[in-house]
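User: I would like a close look at one part of this model, the strands and how they pair. Please keep the answer plain.

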Amino acid sequence: MKSTYSILLITLFVNSSCGESSTTEEILASENTTEETIETQIKKGDVLINEFSVNSTDLNEYEKKSDWIELYNSTSKDIKFSPGAWSITDNMDKTDKYIIPSVTIPANGYLILWCDGESTFDEEIHTSFKLSGKGETIGLFQNGDLMDEITYDSLANEFPSMGRVTDGAEEWKMFEASTISASNSPTL
Ligand SMILES: [Ca+2]
């Protein structure tokens, strides 16, 4: 026990020394990052599947129609996905089907994942899978932990999109017009 206590003291001393060696500017920068952006320990409910389309008329950056999923940051702080931590899937037995790049979703903002099977990230994010018009389950994971999921059926294929009413709320509805990358319409 005595040796464990000594190691603890040494660890505390080292941490304290490291803190003292930082310049004032470095400490301020670190504090600002903590205040403005959440990078780790993102809680369930902070990022949600907010809307999706399996019958899309929306165009991606290549002017191609593509299905999509809209994620929503329900917090008042920017959220940055840690590299390799977040994944999205349409197969709940394969939670890491597509690893979402380390991007930042603005506070109360949106992130569009184009579901076209291209598996690329240049200007925008394109997942490795497409969404089925027959219905399936979409799952959002952080380090293998389920953050959100939505199961839909073939009815979704008859509407431009399906989403929460309103942003981040529990209730889902079919939308007569999609609200891609914008607040979900409460009118339907
Ligand atoms: Ca929307």
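What pLDDT does the chain average, and what share of the residues score at least 70? With that settled, which strands does S5 pair with, and in which sense?

Analyst: This is a predicted model, and its chain averages a pLDDT of 85, with 78% of the residues scoring at least 70. Residues 1-32 are a stretch to set aside: pLDDT stays under 50 there, and the model has 1 contact beyond four places in sequence for them. Where pLDDT is low, the predicted coordinates should not be read in detail.

Now to S5, which covers residues 86-89. Trp-86 and Ile-88 point one way from this strand, while Ser-87 and Thr-89 point the other way. All four of these residues are buried. S5 pairs with strand S11 (residues 137-142) in the antiparallel sense, over 4 bridges. In that pairing, Thr-89 stands opposite Gly-139 of S11. S5 also pairs with strand S6 (residues 98-99), again antiparallel, over 2 bridges.

Elsewhere, 7 strands form an open sheet with mixed pairing, in the order S9-S10-S8-S3-S2-S13-S14. Strands S9 (120-121) and S14 (172-175) stand at the edges with a single partner strand each, so one side of each has no neighbour in the sheet. Within this order, S2 (residues 47-53) and S13 (residues 161-164) run antiparallel and are joined by 2 bridges. Phe-52 stands opposite Met-162 in S13.

Definitions and conventions: Residues are numbered from 1 along each chain as its sequence is written. This is a predicted model: local features need pLDDT of at least 70, side-chain atom pairs count only at pLDDT 80 or more; totals for chains, interfaces and linings use all residues. pLDDT is the predictor's confidence in each residue, from 0 to 100. Two residues are in contact if their C-beta atoms, placed from the backbone, lie within 7 Å. Two strands pair if DSSP finds at least two bridges between them. A residue is buried if 20 or more other C-beta atoms lie within 10 Å of its own, exposed if 12 or fewer, and partly exposed in between; C-beta atoms are placed from the backbone.
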